[in-house]
Amino acid sequence: MLAYILRRLLQALIVMVTVAFIAFMLFQFVGDPVAILLGQDATPEQVAEMRAALGLDQPFFVQFWHFLVNAAQGEFGLSLRQGAKVSRLIAERFPATLELSLVAAFIALALGVPMGVYAALRRGTFTSQLFMTLSLLGVSLPTFLIGILLILVFSVTLGWFPSFGRGEVVQLGWWSTGLLTAKGWHHIVLPAITLAIFQLTLIMRLVRAEMLEVLRTDYIKFARARGLSDRAIHFGHALKNTLVPVMTITGLQLGGLIAFAIITETVFQWPGMGLLFIQAVTFADIPVMAAYLCLIALIFVVINLVVDLLYFVVDPRLRVGGKGGGH
């Protein structure tokens with residue numbers, strides 16, 4: 001187990017250093033921060049002084065090392081657009097993105113798993129066929145179009161939900177949350193559904209495919225031969241084994257929800273990291289872009305590591321294989 005963890009940690013470290021290098025290269029090739037900060041009227045002396053102050057006159061690998069050290073401490077300098085510390089901007093926006101992603105993940109799981117189980121156990125029925133048709137639509141339609149359609153129907157036409165913003169939030173120290181207010185919940189419904197639809201359809205189709213696969217295995221046939229009820233077979237044996245790969249995919253999808261909330265946040269003007277990143281790209285705000293890239297990579301790496309460890313705990317075949325490989 002220790003060797004497995006150390007191997008995964010080493011892989012995670014390599015990934016983070018690689019992503020940090022890519023983020024660092026943004027500073028080298030996406031505009032000149034000195035020109036952006038000083039403008040075109042700066043004298044050569046001012047430019048040289050600013051380059052020295054920013055450490056841009058040092059060798060490439062020295063600059064990269066300083067970038068790595070600062071990134072490990074969560075420091076990415078000042079936003080070129082807002083003039084504020086990037087770490088503070090990220091800290092202000094991260095709660096909104098995390099809450100939106102968690103609510104979307106809950107919706108996707110709470111609906112996707114039961115719908116997938118139903119579609120597998122009731123193949124050929126009208127409801128099952130309807131679920132599969134809706135899942136095709138959910139996979140095919142782009143997220144921004146789903147968001148615009150929801151706004152058109154539920155905000156413009158029916159007036160049930162607001163079309164933008166986060167609503168009323170409560171400050172808990174440095175953390176802000178809208179999940180403790182009625183207006184916060186009212187505002188999060190449409191963006192959360194928009195973000196959840198693709199993940200919901202993916203989970204539903206995965207659960208259905210895995211469930212059908214498990215139901216064809218020998219131990220399910222043996223359980224039927226022993227006279228176990230359909231409920232015991234379906235939910236006590238089949239579903240339990242179906243959820244092992246689903247757990248892996250779902251864990252990784254949570255990282256995807258956080259990373260790809262950009263489109264949803266833009267459509268609904270949700271004040272999260274995705275909207276901040278879009279604004280940073282528009283204004284070539286390199287420190288914010290680099291910080292976003294590193295943070296998303298860290299989230300993916302941590303989630304992947306946790307999922308790997310959970311998979312190792314849940315699936316005994318990995319432990320047996322690991323022991324066998326050590327002899």
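Which residues in H6 are buried? Select H6, residues 126–140, to find out. Ser128, Phe131, Met132, Ser135 and Gly138 are buried in H6 (buried means under 20% relative accessible area, exposed over 50%, partly exposed in between, with a 1.4 Å probe and protein chains only). They cover an arc of only 120° around the axis, so they sit on the same side of H6; the arc is that of the directions from the helix axis to the C-beta atoms.

This is a predicted model: local features need pLDDT of at least 70, side-chain atom pairs count only at pLDDT 80 or more, and totals for chains, interfaces and linings use all residues. Residues are numbered from 1 along each chain as its sequence is written, and side-chain values use heavy atoms, with hydrogens and water left out.

Turn to the face of H6 away from its buried side: exposed Phe126 and Ser140 are there. The buried residues pack against H5 and helix H8 (182–215). Helices (H or I, at least four residues) are DSSP runs, numbered from the N terminus. Contact means heavy atoms within 4.5 Å.

Next, select H5 (residues 86–121) and H12 (residues 273–282). Their axes come within 7 Å and cross at roughly 130°. Axes are lines fitted to C-alpha atoms, for helices over the stretch in contact, and angles run from 0 to 180 degrees between N-to-C directions. Leu89, Ile90, Arg93, Phe94 and Thr97 in H5 meet Met273, Gly274, Leu275, Leu276 and Gln279 in H12.

Last, pick Thr242 in helix H10 (residues 230–259). Thr242 is buried, at a relative accessible area of 0%. Leaving out residues up to four places away in sequence, Thr242 touches Val207, Glu210, Met211 and Val214.

Note on methods. Helices (H or I, at least four residues) and strands (E, at least two) are DSSP runs, numbered from the N terminus. The expected span of a helix is 1.5 Å times one less than its number of residues.
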